[in-house]
Amino acid sequence: MILKRICVVAMIIAISHFSHTPHLQVTDPNSWSNASVWNHKATLWSVLHPGSEFYTSYTYGFNLEFILRKIAHISFFGLLALLIYWNLKKSSWRYVKAWVLLACFAFLDELHQAFIIGRDGRIIDVAIDSFGGALFLFLLYRYKKISKN
């Protein structure tokens, strides 16, 4: 029981660490431990107001770094969705609850990134993170259904 909770907390801490790391490059492990710097000029309103960068598309190109970053989003949040699912009581709504909790964390994580210099939070990444969670939960559902037969 305690192992389940430790695993979900460890994954949340890992995701939060990478979100808190400015100028992170998946292709450059040396950047994975950059010291973070808060943008003290940013406010909740400046991040979330209509027309802010939070709601815009990416400003950088479609390259290997971009592809690996999105694969990381899908993978990390997919695993987190499974860990959240594992921690919930068995019920008919367990998959939905796990996905909703995952989507809420994804939103908070992207919001957090918007306050870190050298990072940017985007609503599209919330969608990508949520997709990763839905994909992994769907694969678990299919696996369970097939293994019963």
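Colleague: Is Arg 122 buried or exposed?
Modeller: Buried, because its relative accessibility is 0%. Buried means under 20% relative accessible area, exposed over 50%, and partly exposed in between, with a 1.4 Å probe and protein chains only. This is a predicted model, where local features need pLDDT of at least 70, side-chain atom pairs count only at pLDDT 80 or more, and totals for chains, interfaces and linings use all residues. Residues are numbered from 1 along each chain as its sequence is written, and side-chain values use heavy atoms, leaving out hydrogens and water.

Colleague: Which residues are linked with Arg 122 in a network of salt bridges?
Modeller: Glu 53 and Asp 120. A salt bridge is a side-chain nitrogen of Lys or Arg within 4 Å of a carboxyl oxygen of Asp or Glu.

Colleague: How far apart are the closest N and O atoms of Glu 53 and Arg 122?
Modeller: They are 3.9 Å apart. For Asp 120 and Arg 122, the N to O value is 2.8 Å.

Colleague: Is Glu 53 buried, exposed or partly exposed?
Modeller: Partly exposed, at 47% relative accessible area. Asp 120 counts as buried, at 16%.

Colleague: New topic. How many salt bridges does the structure hold?
Modeller: It holds 4. One of them joins the side chains of Lys 70 and Asp 125, at 2.8 Å, N to O. Lys 70 sits in helix α3 and Asp 125 in helix α5, 55 residues apart in the chain.

Colleague: And are those two buried or exposed?
Modeller: Lys 70 is buried, at 8%. Asp 125 is buried too, at 3%.

Terms used:
Helix = DSSP H or I, 4+ residues; strand = E, 2+ residues; numbered from the N terminus.
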